[in-house]
Amino acid sequence: MKQKFEIPYNFDVLLIDYLLPYKENIDFIYMPSYYADGGNSRKDLILKQSVPSTWEEYLEHLSYIQAHFDVGILIQENCTIELIDKYYDLGVRIFVLNDSDLTIAAKQQYPDIRCILSITSVLSVNDIKNNDYSMYDEIVLFFNFCRQIQLLKELPKEYKYVLIVNSHCVYNC
C-alpha cells in the first residue's frame with residue numbers, strides 16, 4: 001500500500017494550487033472547523049489574518065479545497081453530533097475527533113465517514129494495547145513515537161496509525 005500525506009490547511013488557497021501536481025500522493029487536506037464551532041488544536045490560527053472571520057468566507061475555502069481534494073475537519077473539543085451533521089451536509093466525510101462515544105454514534109448515523117483519533121488524545125503504547133479504539137479508522141500517534149520510533153513495533157497490528165511531522169508544535173507540548 002502506498003503511503004499518502006495528510007496536509008494541514010492554514011487558509012492559504014495558494015497551498016491548494018501548489019499541491020495539485022502532487023494530488024496522487026495526498027490522502028486529504030485537513031483544516032480546523034469554523035472558529036465558532038467546536039474547538040481544535042489549531043485554534044491559535046484564529047489570531048491570524050488569513051483565517052475566515054465569517055461562515056461564508058470559511059465555506060469558500062472549504063469549497064475550493066473540495067473541488068480538488070478530500071477534506072478532513074478537526075473538531076477535537078466540544079464536538080456534537082449536530083456539528084458532525086453540519087459538516088457532513090457540506091460533503092465532509094473525514095473527521096478528526098477524540099470522543100469515542102461520539103465517534104460510535106457518528107459512525108452509526110453515517111457509515112460512510114472516516115473517523116481519525118486525534119493526536120490530542122496523547123496515547124501511550126499501553127493505552128493502545130489496553131483500550132478499545134476500534135471505532136476509529138486511524139489513530140494519530142503522539143509526538144514521542146516520532147522520536148522513539150522503536151515503540152512502533154510494540155503497537156497492536158489491528159489498528160492503522162498516522163505519524164505527524166509537525167512544524168507548528170514544540171517537542172514537549
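Reading helices, cores and salt bridges

Reader: Let's start with helices. Which residues are buried in H3?

Author: In H3, the buried ones are Leu83, Ile84, Asp85, Tyr87 and Tyr88. Keep in mind that you're looking at a predicted model.

Reader: And what do the buried residues of H3 pack against?

Author: They pack against helix H2 (55-66), strand S3 (71-74), S4 and H4.

Reader: OK, now H4. How do I read which residues of a helix are buried?

Author: Here's the general idea: an α-helix has 3.6 residues a turn, so residues three or four places apart point the same way. Now the case at hand: in H4, which covers residues 100-109, Leu102, Thr103 and Ala106 are buried. Looking down the axis of H4, you'd find its buried residues within an arc of 100°, so they line one face of the helix. Asp101 and Gln108, on the other side of H4, are exposed.

Reader: What do the buried residues of H4 pack against?

Author: Helix H3 (81-88), strand S4 (94-97) and S5. While you're there, check the start of H4: a side-chain oxygen of Asp99 comes to within 3.1 Å of the backbone nitrogen of Asp101.

Reader: Moving on to cores. Which residues in the largest nonpolar core touch the most other members?

Author: In general, nonpolar side chains tend to be buried together in soluble globular proteins. Here the largest nonpolar core has 43 residues, and Ile29, Met31, Ile65, Ile73, Ile75, Tyr87 and Phe95 touch the most other members. H3 supplies the largest share of this core, with four residues. Apart from it there's another core, of 12 residues, including Ile116, Ile119, Phe143 and Val162.

Reader: Say I click on Tyr87. What is Tyr87 in contact with, leaving aside its neighbours within four places in sequence?

Author: With those set aside, the contacts of Tyr87 are Ser33, Tyr34, Asp37, Trp55, Tyr58, Ile73, Ile75, Val92 and Phe95.

Reader: Now charges. How many salt bridges does a search of the whole structure find?

Author: The general rule is that side chains of opposite charge can pair when their charged atoms come close. A search of the whole structure turns up six salt bridges. Take Glu6 with Arg114, whose closest N and O atoms are 3.9 Å apart. Glu6 sits in strand S1 (residues 5-8) and Arg114 in strand S5, so this pair ties together parts that are 108 residues apart in sequence. Glu6 is partly exposed at 22% relative accessible area, whereas Arg114, at 18%, counts as buried. The cut-off for buried is under 20%. A network of salt bridges links Glu6, Asp27, Arg114 and Glu138.

Reader: And where does the salt bridge of Asp137 with Lys107 lie?

Author: Asp137 and Lys107 have their closest N and O atoms 2.9 Å apart. Asp137 is in the loop between H5 and strand S6 (138-140), and Lys107 is in helix H4, so the pair ties together parts 30 residues apart in sequence. Asp137 is partly exposed at 31% relative accessibility, and Lys107 is partly exposed too, with 22%.

Reader: Last one, a loop residue. Is Ser118 buried or exposed?

Author: Ser118 counts as buried, at 1% relative accessibility. Ser118 lies in the loop between strand S5 (114-117) and helix H5 (125-130). Its side chain makes a polar contact with the side chain of Thr120, at 2.8 Å. Leaving aside neighbours within four places in sequence, Ser118 is in contact with Gln76, Val96, Leu97, Asn98 and Val140.

Terms used
Residues are numbered from 1 along each chain as its sequence is written. This is a predicted model: local features need pLDDT of at least 70, side-chain atom pairs count only at pLDDT 80 or more; totals for chains, interfaces and linings use all residues. Side-chain values use heavy atoms; hydrogens and water are left out. Helices (H or I, at least four residues) and strands (E, at least two) are DSSP runs, numbered from the N terminus. Buried means under 20% relative accessible area, exposed over 50%, partly exposed in between (1.4 Å probe, protein chains only). A polar contact is a pair of N or O atoms within 3.5 Å; within protein, one must be able to donate a hydrogen and the other to accept it, and residues adjacent in sequence count only if both atoms are side-chain atoms. Contact means heavy atoms within 4.5 Å. The arc is that of the directions from the helix axis to the C-beta atoms. A nonpolar core is a set of buried Ala, Val, Leu, Ile, Met, Phe, Trp, Tyr and Cys residues joined through side-chain atoms within 4.5 Å. A salt bridge is a side-chain nitrogen of Lys or Arg within 4 Å of a carboxyl oxygen of Asp or Glu.
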